[in-house]
Amino acid sequence: MTGPLRSETLVVDASGGALQVRVEGTGPPVVLVPSLGRGSDDLVELAASLRAAGHTTALVDPPGIGTPLPAAPAADLHQSAADVWAVVDRCGWDRVALVGHAFGNRLVRTASADRPDRVRAIVLLACGGDVEPEPGTWELLARCFDTGLEPAEHLAAVAAAFFAPGNDPTPWADGWWPAVAGHQTAAVAATDRTDFLAGGTAPMLVVQGADDRVAVAANARNLARRRPGAQVVEIDRCGHAMLPEQPHAIAAAVVPFLAAAPESDVVHPNGAHP
């Protein structure tokens with residue numbers, strides 16, 4: 001079932017702060033949530049592939065990117081997940097597919113666990129939250145948000161934390177939002193990881209970088225063992241950034257998975273079915 005062609009930017013007021021959302025396309029809706037302290041521009045290329053396959057995409061920026069930073073972080077990931085559902089409601093959709101990258105994978109898993117009746121499929125990019133990385137990795141990641149570093153030093157930290165050896169880190173030379181990352185980190189710390197680990201009950205695809213040093217591949221393998229029906233695709237020469245490293249391989253995994261998932265109900269913004 002397809003809905004009306006849409007192309008609009010919304011600002012959705014929610015309990016955790018206002019979220020900027022770019023909605024485009026026609027067909028079953030897919031909601032995409034970016035990584036820690038980063039905006040939805042990282043997901044633009046994947047969203048374009050999904051629209052070409054007949055989906056409507058909603059690129060969600062967290063509070064503080066394109067909107068004012070709230071005075072305090074969300075109480076936990078459940079509040080942030082409720083804000084994702086506020087976006088879905090504002091768009092007039094009943095059931096959606098969810099795609100989350102890195103931090104976004106934890107958020108969409110929480111959203112799916114909290115409202116499994118509204119999720120037709122879920123895609124996790126750079127799935128973490130279970131197996132800890134090697135010592136020093138979190139400190140290296142934190143350097144990526146250090147605005148006091150010289151540009152070359154910062155880019156070296158980005159390359160080491162987020163990119164597979166030999167891959168070009170310059171697409172992520174900028175786009176870092178330290179205050180947003182701080183709010184998101186606080187929400188994660190306030191959430192029991194067992195609340196989101198299984199990610200609800202919808203069909204699940206986990207796309208994992210073989211060279212991801214932050215969300216090591218064992219996270220995806222463990223999740224697939226625990227969760228019936230979860231599919232895992234590991235991509236070589238791919239780190240935690242994923243999207244600028246192997247965009248074609250990621251789209252080649254995600255597009256057919258969502259095409260095979262149960263179709264969403266698409267509704268008009270006023271809530272009436274087309």
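Residues are numbered from 1 along each chain as its sequence is written, and side-chain values use heavy atoms, without hydrogens and water. In this predicted model, local features need pLDDT of at least 70 and side-chain atom pairs count only at pLDDT 80 or more, while totals for chains, interfaces and linings use all residues.

The largest pocket holds about 530 Å³ of space. Of its 28 lining residues, Leu36, Arg106, Trp138, Leu141 and Val188 are the closest to its centre. The lining divides by class as follows.

| Class | Lining residues |
|---|---|
| Nonpolar | 17 residues |
| Polar | seven residues |

Helix 6 supplies the largest share, five residues.

The twelve residues of helix 6 should span 16 Å at 1.5 Å a residue, and its end C-alpha atoms are 16 Å apart, which agrees. Val180, Ala181, His183, Gln184 and Ala187 of helix 6 are buried (under 20% relative accessible area, 1.4 Å probe, protein chains only). Seen down the helix axis, the buried residues of helix 6 fall within an arc of 160°, so they line one face of the helix. They pack against helix 2 (77-91) and helix 3 (contact means heavy atoms within 4.5 Å).

Asn105 lies in helix 3 and is buried, with a relative accessible area of 1%. Not counting residues up to four places away in sequence, Asn105 touches Gly100, Leu124, Leu125, Ala126, Cys127 and Gly128. The C-alpha atoms of Asn105 and Gly128 are separated by 7.8 Å, and the two residues are 23 residues apart along the chain.

Conventions:
1 Å grid on protein atoms, 1.4 Å probe; cavity = no way out; pocket = protein on both sides within 12 Å on 5 of 7 lines; lining within 4 Å. Points joined across faces, edges and corners; volume = space filled by probe spheres on them. Helix = DSSP H or I, 4+ residues; strand = E, 2+ residues; numbered from the N terminus. Nonpolar A, V, L, I, M, F, W, Y, C, P; charged D, E, K, R; others polar. Expected span 1.5 Å × (residues − 1). Buried < 20%, exposed > 50% of the residue type's maximum accessible area, 1.4 Å probe, protein only. Arc of directions from axis to C-beta.
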